[in-house]
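Please read the following walk through a structure with the sequence at hand. It begins with single residues and then turns to a sheet and a pair of helices.

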Amino acid sequence: VLEAATPQVLMQEIAHQHLFNQFWLTLFFVLPMVLVARAVVAGSRYSAILIIVVFGC
Amino acid sequence: MGYLLVASGVSEPGLADFPMLGMVAQTTVIALAVSFFVGGQELRRIFGRRKVPVDDSVTYATDQVVFGTGRTQLVFITRAFFLLIGIEALVRVVLGTVPDTTLGRYYPVIAYMGLVIAVILIDNKAAIANKRRYLAKGVQEMGAITVVLILGALLAQWIRPLIALPQIFFVMLLAAGLGALLYRWRHGPAIRCLLFAGIPVVLAANFVVGGSRIGEAFTLTGMNAVLAYGFFGQVLWMFGGIALLILIGRTAAVRNLGPGMAGSLSHAGLTGACTAGDLGDTAAKRAPIMINIPFFGHVFVFSILAVSIERDGLVVWPSLLVAGAGGGDHDGRVARPGSGARRRRTRGEGADAVLVRLAAHRRLRRPAAAGRVRHGHRGRLHGHELGPVALRPLRRHPGRHGRRRRGGPDRVRVRHALPGAPAGVLHVRPRHGGRRRHAARAGLRPRRHRRGRRARGIAGRERLMRVAMIGAGGFARRHLDVLERLDDATIVGHQARRRDAAVAQARRYGGEGFDDVEAMLDRTRPDAVWITVPPGAHGALEAACIDRRVPFFVEKPLAADLETAERIAAALDRTGGLAAVGYHWRALDTLDELRARIASLEVRLVRGSWHGATPPPRWWQRRESGGGQIVEQATHVLDLARHLLGEAEVLAASAPLTARAAYPDSDVAPASAALLRFERGPIGSFTATCALGGAAEIELTLYAEGLHVVIDQGSVRYDDGRVRSEVRARIDPVEREDVGFLDAVRTGDAARVWCSYGDALGTHRLTTSIQAFADQAPR
């Protein structure tokens, strides 16, 4: 089973995830990005948006 | 991340395998709709001179869940995500524009899940005055945002045969118009979370999708030039624009530059940073205004672009007219290089020019030459800070407010009014005949202002309070820093023994400076006065206020002796005057919980201490002028003990006066101790010393059955032998007591002060009796 898990197969799996998986995947993509960005600039005068730009790309 | 997803083969450029990410990335209009609404509210408040009390219905839980993100903030970020997808899905389902993808089939479910979760996702640790109302507001706001988006899309569709204006154009008009109509609307959870986290969440999704195309972008012919232009153009306009703002607006304060740049460039990132509060509270408040103003300008840009598309070519003359208007001043004349105030007032483009115009329109301070501060008009500001801050010269406290509000204890919102305040009570004391006529003659208040106020009727909440300060020391500044931030107070006068000190203070905070208290009261006619003078200076100042029926807030102690305080209290009783006393420990928010619990505690012992250094002022080192350490300093912990445990009698006290080489002229005992018994039963020991190099123990400790409670100015700590807990102060108590006093003056409800003069007199009797006991004790 593991041998069959090529990137293409994985991609298909992800592409055909049902709604909830899309939901959680998106949440886990976006939220940590915002939180980590806020953590990086915490205590400084920089904005989290600066870091979001870098992480997003 | 977008690039990594593609590079690792998980997805293709554009991330078609993650359609919900693309969905979140397309919700910019939702986040902006909220900014438009709040911008409309702010514009109405400024141009309509509408005063709205600061919203204190919610106090956020600030304990950090993730480093850099507080608990309520995390809830906001999560809720923003659900709200964005919920509203986006609902709008598309209603409009029938659901994309023909696998995810499209789930849009009704996404709408349901997103909205339901967004409704119930409320931070249970945030202090919410009325949770049911707060939840209802969230639902109403979600409904309104949805309706505005749908109407915006329908209007765009309807007008498309005539002109191809986009949905966001109509959303802007509708949301801003709604904001102007509902300018008193206190924000519920939907607006709060989208203002704070809407744009960061949208941008995070956008950048992931954009990042996935980075590799692809570089393979396109000519893309390098586009990217280089995008990058360097951005840099040019960011830094060039900021330089222009600094030059024209004569301000280096980020609270002005941030919203100005966000507005004039419609720069999404900066907009997000501003509305999320990253550039300070003031910038967050102003950002929506500055986003709205250029968007109003988009009326022309959108129209020209739409017509140009129709004609398949740029319509030149309208474009030139719009560009010309952008370079002209508000009178339609093109600004000429020249000199003088007019050039400073009117030069500029876009958002910064609007800032300047607002200031000029509202008769605010004109920009002085850099470093030279013109003064004397600040007292007439009608509560809005926009103008004078925008025009404040560079060398004058750059960024001061921003720094204070981010980190200091006063970061928590100002409590402007206690719940349940009766509305419509305007006058709280008899007025002098012809007071307003006198004020108009003296030029103290613009006639237009008086008419506007009268026209609004007796909306007590909107009334601007004229306040004056007697004293020019550290505590005067402490209160003035609070008062200048309040929207409903304007500082009109200062009195100090030395006129130059009063004038310097007036230059800093606005109003006029005097060395004579009666002249100050008669000339400035304040609604309320703060008295912050050394203990020995009390008596005549209070009498002057009482004679004129002016309510006053006096800093503790009431006087250096008991007789003066008794005399003032008797005069207040005789005249029914209103007075509050600055025993600010009572206003500590940490005590709210303890006050509720104290009746059920069986307190056996109380210990108070004020162990610190000798304050440098010479008046403090003489009892005749300072009262001594018990009367002047330890009075705080004694007052708190009285407040919690009732009256006390002195059983014993000692305060031996020993010679101190460093203070040869001092007659203040370097150490004192007293033994008390409180009416609720506990006995107490109180000690004070000024022999140390700095503050050591300054606290009150209660020893109750099964509970040890330590109270200081920063926290209240509980220990029952098994569990230790700590409640930390989040609200500036000085702000709380100032706002409470102003509220009492405005409404005539004396119960709104944190400490009345009569109550403080009880503490003063206690401290002076300890001093008297110690004076009689064998040395």
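In this predicted model, Arg525(B) is buried, because its relative accessible area is 18% and the cut-off for buried is under 20%. This arginine belongs to the loop that runs between α23 (517-524) and β8 (528-531) of chain B. Its backbone deserves a look as well: phi of Arg525(B) is near 50 degrees, a positive value in a residue other than glycine.

Is Arg549(B) buried, exposed or partly exposed? With a relative accessible area of 38%, Arg549(B) is partly exposed, because that class lies between the limits of 20% and 50%.

Most residues other than glycine have a negative phi, and most peptide bonds are trans. A peptide bond of the other kind, cis, joins Lys556(B) and Pro557(B), with omega at about -10 degrees. Pro557(B) is part of the loop between β9 (552-554) and α25 (562-575) of chain B.

The strands named so far belong to a sheet. In chain B, six strands form an open sheet with parallel pairing, in the order β7-β6-β5-β8-β9-β10. Its edge strands are β7 (512-514) and β10 (579-581) of chain B, each of which pairs on one side only. From one strand to the next, the twist averages 20 degrees.

Strand β5 of chain B, residues 465-470, runs parallel to strand β6 of chain B, residues 489-495, and six bridges link the pair. Where does Met465(B) stand? Met465(B) is opposite Ala489(B), which lies in β6(B).

Elsewhere in the chain, two helices cross. The axes of α3 (residues 28-47) and α8 (residues 189-212), both of chain B, come within 9 Å and cross at roughly 145 degrees. The crossing of α3(B) with α8(B) is left-handed.

Which residues meet there? From α3(B) come Thr28(B), Ile30(B), Ala31(B), Leu32(B), Val34(B), Ser35(B), Phe37(B) and Val38(B). They meet Ile191(B), Leu194(B), Leu195(B), Gly198(B), Ile199(B), Val202(B) and Asn206(B) of α8(B). The residues of this contact between α3(B) and α8(B) comprise 11 nonpolar, four polar and no charged ones.

Technical notes. Residues numbered from 1 in each chain as written. Chains lettered and ligands numbered in written order. Predicted model: local features only at pLDDT ≥ 70, side-chain atom pairs only at ≥ 80, totals over all residues. Heavy atoms only, no water. Helix = DSSP H or I, 4+ residues; strand = E, 2+ residues; numbered from the N terminus. Buried < 20%, exposed > 50% of the residue type's maximum accessible area, 1.4 Å probe, protein only. Pairing = 2+ DSSP bridges. Axes fitted to C-alpha atoms, helices over the stretch in contact; angles between N-to-C directions. Left-handed = near helix turned anticlockwise from the far one by under 90°. Contact = heavy atoms within 4.5 Å. Nonpolar A, V, L, I, M, F, W, Y, C, P; charged D, E, K, R; others polar.
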